Structures are given as structure tokens and as C-alpha cells.
Amino acid sequence: MTRVGLVCSEALGERAAGIGIRYLEMARRLPGFGFDVVLVSPWRSGEAPDVGSGSAEVRRFDSAPLSVLLGDCDAAVAQGQLANDVLHELPDLPSAIDLYDPFLVENLTHLDTLGLDPYRNDHQTWIHQLARGDFFLCSSAEQRSYYLGFLTALGRVNPHRYRDDPSLSGLIVEAPFGVPDPLPDYRPLLPPRTPGERRLLFGGLYDWYDPEPLLQAFASLSAANARLLFVRQPPGTQAPQRLLEQVEARSRRQDPDRIDFLDWVPFERRYDLLRDVDALTACHRPGLETDLSLRTRFVDALAVGCPVLTTEGGTVPRLLKDWAAGLVAPCGDVEALRAGLAELVAGGPEVEARALRGRKRALATFSWERSLAPLAAFLESPRVDPTKEEFAFRPSTEAPADELGFRLRRWLRTRLAGALAASR
């Protein structure tokens, strides 16, 4: 029986976010495909990951070198920065690199906050992983086309590979975020509603989202019974939260009675939160990050039959249009968003019909068993790509130095943070 090592760079536990949830689900479900599974990841003290009643074994990342932790494995599935270590320490182990999260593109948003160091690191990471991995996972047709261009530039799409595998399905496949079927039993999470209250959920707010048009649309909404809910990121989150802080401060000044901010919801309760609201709505800026996105919050919402409103760009809006399963507004169109919000708040047969169509299609399209089937096919007979030694190469990453003003501000922030820590 093939033993598979799952290597997740995110800490696991009840505060796990998208990638952590993805690897917990893999650990729970791959044994059903006939594999022995070892889950390797960091996690917080007292928050050992719960892999359910399956046969997966859990090993803490910092308990031994990866070469030891994965020494009895026949293949690895790795994500994020730890995938670099897998490829470096176990070069002969067949490795599937999970590109579901296009973090290089996401982190381009943080230039003003973090400077160019994330780009240098992320670009070098992708070059290393795409040149040395044997098999690749992505979330959608949009992502697959994007990554195939990167793989071609690094020599991974080459004459020998193409001769033997013209579809390149043995090199990169779509393995999107899945949903369980059946869904967990419903346990109410939010306090009971006030009479007539209608709840609109935005969810977590990352810097590549665009809440301003939605806030303007919500402010002009005549329905006094509507409430808009945002979710704070969990404690210890490393990503900058500048946009969340700005929106929270503004909302407290301008509309504190109708806009609320919830603490992070344990991942096992996310379906309860979606069942406690009347609609999910979030909008984003046009751009590459949006084009490559699969907004998992919308996949979850569709699966529970929660009506949705979003803006154009990426996989989910395309599916909403194809399935007639939700409302899609042009990016930045305040009036279209206002009309969509008004329709969701009013409810009615058409809103319910769209939600029902979305639920049926989401459960069929995004079941975990269907999402993981292409990965399982690789793991049944994992092998090192025989063409990568002949064709793959790794160019250097080039980037200018950060501007002097940014470097001075970063130095001051570091000194101030050190002084503050010393005074405590």
C-alpha cells in the first residue's frame, strides 16, 4: 500500500484557514482511496490536528528533519515554503506540489507594507518548486493555464513530456477545494435574530478584496433591517490586515448599528455561520489575483444553499453565470451591488431557486472525492518525472532594492517594536 506524506506549511487546529482545512480534509479522505497517510505540519501547543476517525498518522514538523518524518513514505504532497524543504531533503521522493494558493500573486498586494522581500522569496520558491516537482495541483482551469505558462518557461513542458502526455494531465491537474457530502449537522452559531433582521455576510477581509463599493451600496440600502457582517482574522495571522483595520474604524464611525465584526469562527463551524445568514456577499478588484481565484467561501456558501452576490473575475463568478446560481455585478459598480443587495434582503422565489441550483451543482462539482481523484491517480503509481533532469532549469530572481524611504520606515518600525517589547 502506498504511504503518502502530506506536508502543510500552515499551522493546524481549530483556527485553521483555507490551506490548513484543505490538508486536514486530504488526511481524512485519502485513506478512503486506499493510501496510508502521514500528515506533517506545524501546529500550536494544545491544538493537535483532528483527522477524524480515519487512519491518518500525525507528525509534528519540528519533531525531526523532514528526511526522517517522510523517510517511510512513497510519495509526498507538499505546499508552501515546506515544499522547498521536501524537494531539497528528499530529491528522489516523487512529489506532488500543491499550487492551489497562488501566494506569489497574493503577496504582490503587500508591496507598500512588506517591500520587495516577499516577492524575491516567493519567486525563488516558485522557480524551485515548478522546476523540481514531479506533479502539480491547482484549483481551476484559469490557474492551470497560468501555471502551464510558468512550467513551459522552466522547461517542464518539453518535447519528451508532450510526446508521452499531450494533454499534460500527468503533469498538472485541477484539484479544487471540496465540500463534504453530507454536510455536518446544523448547530446555530450566531445569537438569535431580532424580529425581521436580515444578515449579509462578507466574511474575512484580505487586502486584495474591494469592500468600498459594497459599503457604499449597503449605506444606500433602504432596508433598515439589514446587517453586514465581517470576520476578523485569527490571532497570530502573519498577513497584513491594513484593509480590515481601515474598514472596522470607518464602520464604527459611520454605521455602527448595521455593520458588525465577528471573531474568527473555528473552521468546523463555518457551515453553521453560512446557515445563520441570509446571503454571502463579497467583491474584489479586477486583476490577476482575482482572475486566478477560487473563493472558497463561495463554494461553501453554494453547498449549503446560501444565496450569493459577488463581482466579476475568477472561477466562481464564471460558474455562477453558467449555473444561473447567483448574482454577479461588474467590479466597482455601486448601483448594481445596491440592486443585488436589495434583492437578497427582500428574498423570494427567484433568490431561493438560484440558491437551490447552486447547491445541487456545487455538491456535484466540488465533492472531495471528485476533487482528489486526479491526485489519487498519481499516488497509485507515483514516480519522479523522467524529463525534468534533461530539460528543467532554474533562472535567478532579479528585483531592485527597496526604496530608501521604505527601508528607513521599516528600520524605525523594527526599533520601535523592540523598544516596546523591552519595556514590558
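Q: Which helices each supply at least two residues of the lining of the second largest pocket?
A: This is a predicted model, in which local features need pLDDT of at least 70, side-chain atom pairs count only at pLDDT 80 or more, and totals for chains, interfaces and linings use all residues. Residues are numbered from 1 along each chain as its sequence is written, and side-chain values use heavy atoms, with hydrogens and water left out. A pocket is an open set of points on a 1 Å grid over the protein atoms alone where a 1.4 Å probe fits, with protein on both sides within 12 Å along at least five of seven lines; lining residues have an atom within 4 Å of a point. Helices are DSSP runs (H or I, at least four residues), and the two that qualify are α8 (159–164) and α17 (368–380).

Q: Which helix gives the most to the lining of the second largest pocket?
A: The lining has 18 residues, with Arg161, Asp165, Gly170, Phe378 and Arg383 nearest the pocket centre. With four residues, the largest share comes from α8.

Q: Is Ser95 buried or exposed?
A: Ser95 lies in strand β5, residues 95–98 (a strand is a DSSP run of E, at least two residues). Its relative accessibility is 1%. Buried means under 20% relative accessible area, exposed over 50%, partly exposed in between (1.4 Å probe, protein chains only). Ser95 therefore counts as buried.

Q: Which backbone oxygen does the side chain of Ser95 reach?
A: A polar contact is a pair of N or O atoms within 3.5 Å, one able to donate a hydrogen and the other to accept it; residues adjacent in sequence count only if both atoms are side-chain atoms. At 2.9 Å, the side chain of Ser95 reaches the backbone oxygen of Leu93.
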